[in-house]
Amino acid sequence: MTTTATPQHPGPHPGHASREHPSPGAALAVLPHVLRGALAWTDAHRARFALPDDVLEPHTQVNATLKPLGELAQLCSTVTAATAPGTPEHEVAGDLVAYAWEQVEAGELLLELLRLEPFAAYPYEIYAAFAGHGLRHEGFEALARPLTATRAWAHTEQHANRQLGLVNSERRVGVLTHTDAGGVLARTWLGGLSEPWMFEGPSGYALTHTVFHLTDWGRMPDRVPEKIDGYLRTWLPAWADGCLESGQWDLTGELLAVAASLPGPAPGELLDAVWPVLADVQHPTGCVPETGVPVRDPVPVPGSDPADEGAPDPYPFIDCYHSTLVTAFAAALSLRSLRRTDERTDETTPGRERHIP
């Protein structure tokens, strides 16, 4: 297996022994703290997701402005769906989605963006993240309906996993999908049950997002076909281990989210083996780096102003915001999956005391 980075940890890798002999319940022991820490860091840095005044100008970089905000909305929306109302993590995640909705002016900015770029799919996909949370804009949908009925929309050339994302966005908005999801899935790296030893960075991210789009970001695990479920349960442990060895923390988090999005019982052994390692990588401030050797002590980042956000940041925002969001997303899904498995076991094991989450 190859990855996008070379191993960067001298000597024994953190958590190596625990991956060989995971303790049952090890994931549940760390997950609540990991989830709360990642959300707390994100909440403390919400201003970094704010859109600039010139966000609609042609020179503005979408990947540095709208993309992070869309990810904030999407992943925090899933956290709210996976957590119990009234819990701190549910409330914080919901508040962050509300903040993102304010940034797009309750959909008005996305409508203007759709007018400026009717050929682009990303305004629709960002809007769908909000629509899946119950936040709608009548004017946006009125313009989107004729645009998504065009031949150009149906024949936009893109990778199969990206097309699957568009299909899921259409489902979220509640319109007729432009193509059959099953046919698109069959053309993906994952849908083809590719040789597992051909896994590497780009195919890994394509695989994870195929599952996210197929399951509506972990909300509908039963959409995963039986053959793909079996394939993932077989090979996720090896892929996750390789990502840990090469310090690919962001991709590790996405693989954990995939594991927690499968139908049926949670893959407990995998979650128990990997989550303690990722918990060890998480900085005391709550953030998680995308790649590389984790920083253990808070150190100022050159050019940053520690007074702006409390404790000094161990990494530049751009190098940890996504992996921190992914960690919160994966942690929420993992907790839900493990607790559901416990509930099913309680119902089928005579004499066992029922577990209450």
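User: Start with helix 2 and helix 4. What makes them roughly parallel to each other?

Analyst: The axes of helix 2 (residues 26-44) and helix 4 come within 10 Å and cross at roughly 30°. Axes here are lines fitted to C-alpha atoms, for helices over the stretch in contact, with angles from 0 to 180 degrees between N-to-C directions. Angles under 35 degrees count as roughly parallel, over 145 as roughly antiparallel, 65 to 115 as roughly perpendicular, and the rest as oblique. Helix 2 and helix 4 are therefore roughly parallel. This is a predicted model: local features need pLDDT of at least 70, side-chain atom pairs count only at pLDDT 80 or more, and totals for chains, interfaces and linings use all residues. Residues are numbered from 1 along each chain as its sequence is written, and side-chain values use heavy atoms, leaving out hydrogens and water.

User: What is the hand of the crossing of helix 2 and helix 4?

Analyst: The crossing is left-handed. That label applies if the near helix is turned anticlockwise from the far one by less than a right angle; clockwise gives right-handed. Leu-35, Arg-36, Leu-39, Thr-42 and Asp-43 of helix 2 make the contact with Glu-89, Val-92, Ala-93 and Leu-96 of helix 4. Contact means heavy atoms within 4.5 Å.

User: What counts as a helix, and how many are in the chain?

Analyst: Helices are DSSP runs (H or I, at least four residues), and strands are runs of E, at least two; both are numbered from the N terminus. The chain has 16 helices and zero strands.

User: What makes helix 6 mostly covered?

Analyst: Nine of its 10 residues are buried. Buried means under 20% relative accessible area, exposed over 50%, and partly exposed in between (1.4 Å probe, protein chains only). The buried residues of helix 6 include Pro-123, Ile-126 and Phe-130. Their cover includes helix 3 (66-82), helix 4, helix 5, helix 7 (138-147), helix 8 (151-154) and helix 9.

User: Is Leu-111 buried or exposed?

Analyst: Leu-111 is in helix 5 (residues 108-116). Its relative accessibility is 4%, under the cut-off, so Leu-111 counts as buried. Leu-111 touches His-137, Gly-139, Phe-140 and Leu-143, leaving aside residues up to four places away in sequence. Leu-111 and Gly-139 are 28 residues apart in sequence, and their C-alpha atoms are 7.0 Å apart.

User: How do you know that Ala-106 and Leu-193 are partly exposed?

Analyst: Set each value between the two cut-offs. Ala-106 has a relative accessible area of 36%, so it is partly exposed. Leu-193 has 35%, so it is partly exposed as well. Ala-106 lies in the loop between helix 4 (88-103) and helix 5. Leu-193 lies in the loop between helix 10 (181-186) and helix 11.

User: What is the phi of Ala-106, and of Leu-193?

Analyst: Most residues other than glycine have a negative phi. Ala-106 has a positive phi near 55°. Leu-193 has a positive phi of about 50°. Just after helix 11, Asp-216 also takes a positive phi, of about 55°.

User: How does the span of helix 11 compare with the expected one?

Analyst: Helix 11 (residues 201-214) has 14 residues and reaches 20 Å from its first C-alpha to its last. The expected span is 1.5 Å times one less than the number of residues. Here that gives 20 Å, and the helix is close to it. Helix 11 is also mostly covered, with 11 of its 14 residues buried.
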